[in-house]
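Dear colleague,

I am passing on to you the structure that we talked about handing over. Please look through it first, and then read the notes below, which go from the whole chain to single residues.

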Amino acid sequence: MATPVAPTAQAETPAPSFPEPLLEPGDRLTRDEFERRYNRMRHFKKAELVEGTVFMPSPVRAKKHAEPHNQLGTWLGTYSAGTPGTHCFDNSPVRLDLDNEPQPALVLIKTPAKGGQVRITADDCLEGPPELAVEIVGSSSAYDLHQKKGAYRRNGVFEYLAWITGEQRLAWWQLHEGEYRDIVPDSDALLKSRAFPGLWLDAAALLKGDMKTVLAALRRGFESPEHRVFIAI
C-alpha cells in the first residue's frame, strides 16, 4: 500500500503594499494621521483639519487676500512689538483638539506669564487656544465662519476677527458665556480688543487701505491707561 504524500505547503502571497495616500479635500482623519500626511506634502502650503475634515483652500488672490493679510499683519505685528508678553504668528497651524488643527492667517497670543493659553511644543507647534485668531475670507459662506468658527468657540479662542473681503466688512467676536458676541465700535468709532488692552482698530480706515490712520489709532491705544497697566504686570 502506497504511503500517502503530504500536500506541499504553498507560501502565502504577501498582501500588496500601497503607500499611504496624501491629503485630499474632504478626507475624514484623526489629527495624528492628518499631520503625518501633511508632513509628506512639502510642496503644499496650506491644509487644515476642521471638525475632523480636511480643507485645502484655493491659492490666495492679491487684492482679496494677500494685501489684506499683510495689512492685518502690520497692525498686529506693531502691537506685539510695542507690547511685551505677546507674540504674533503668521499662518502657523494650531493644535486645538484631536479633531481640529486649523491654520489661521494670523494669531496673537499672550505668554504664559501674562495668562496665555498657548504653549509651544517640543516640535515647534502651537498647542492650545490663542487669545485672538484672525482669518481673511472671501464671503460669509466660507467654512471659516461656520465649521471653523464653531471649533474656535468650543475650544475657547477668546476673540475671532474675520475680514470678509468680498463684502468689504470686518467681524470681530468675543467669547462670552460660551458664545461669540460682536465687538461693536466704541464712542470714538474704534473696535477695541477685550483680550489685549490697547489693541484698537479703525475698521473704516482699514477697509479703505489707509494704514497710516490704522496705525495712528493703534498708537492711541498704546497711550491708554489699560495698555500701560498690561505691560507693567
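In these notes, helices (H or I, at least four residues) and strands (E, at least two) are DSSP runs, numbered from the N terminus. Please keep in mind that this is a predicted model, in which local features need pLDDT of at least 70 and side-chain atom pairs count only at pLDDT 80 or more, while totals for chains, interfaces and linings use all residues. Residues are numbered from 1 along each chain as its sequence is written, and side-chain values use heavy atoms, with hydrogens and water left out.

The whole protein

Six helices and 13 strands make up the secondary structure of the protein. The radius of gyration, taken over C-alpha atoms, is 24 Å, whereas a compact globule of 233 residues would have a value near 17 Å, by a rule of 2.2 Å times the number of residues to the power 0.38. Along the principal axes, the C-alpha atoms fill a box of roughly 110 × 40 × 30 Å.

Of the 233 residues, 47% count as buried; here buried means under 20% relative accessible area, exposed means over 50%, and partly exposed lies in between (1.4 Å probe, protein chains only). The accessible surface comes to about 12,600 Å², and 54% of this belongs to carbon and sulfur atoms, with areas from the Shrake-Rupley method and a 1.4 Å probe, where for residues only the protein chains shown count as cover. Among contacts (heavy atoms within 4.5 Å) between residues at least 6 apart in sequence, 57% join residues at least 24 apart.

Charges and salt bridges

The protein has 28 positive and 31 negative charges, and their mean positions are 5 Å apart. In this count Lys and Arg are positive and Asp and Glu negative, while His and the chain ends are not counted; the place of a charge is NZ of Lys, CZ of Arg, CG of Asp or CD of Glu.

Side chains of opposite charge can pair when their charged atoms come close. A search of the whole structure finds 16 salt bridges, each being a side-chain nitrogen of Lys or Arg within 4 Å of a carboxyl oxygen of Asp or Glu.

One of them joins Glu51 and Arg154, with 2.8 Å from N to O. Because Glu51 lies in the loop between β1 (48-50) and β2 (53-55) and Arg154 lies in helix α3 (residues 147-155), this pair ties together parts that are 103 residues apart in sequence. Glu51 is partly exposed, at a relative accessible area of 26%, and Arg154 is also partly exposed, at 45%.

Another salt bridge is formed by Glu135 and Lys148, whose closest N and O atoms are 2.9 Å apart. Glu135 lies in strand β8 (residues 132-137) and Lys148 in helix α3, so the pair ties together parts 13 residues apart in sequence. Both Glu135 and Lys148 are buried, and they belong to a network of salt bridges that links Glu48, Glu135, Asp144 and Lys148.

The side chains of Lys192 and Asp186 also meet in a salt bridge, at 3.3 Å from N to O. Lys192 counts as buried, with 14% relative accessibility, whereas Asp186 counts as partly exposed, with 39%.

Single residues to look at

Strand β8 also holds Val137, which counts as buried at 4% relative accessibility. Leaving out residues up to four places away in sequence, Val137 touches Ala142, Asp144, Leu145, Trp163, Ile164, Thr165 and Gly166.

Pro25, by contrast, lies in the segment before α1 (31-39) and counts as exposed at 53% relative accessibility. Apart from neighbours within four places in sequence, Pro25 is in contact with Val54 and Met56.

Most residues other than glycine have a negative phi. Glu177, however, has a positive phi of about 55° although it is not a glycine; Glu177 sits in the loop between β10 (169-176) and β11 (179-182) and counts as exposed, at 69% relative accessibility. Ala189 has a positive phi as well, near 70°, and is found in the loop between β11 and β12 (191-192), where Ala189 counts as exposed at 53% relative accessibility.
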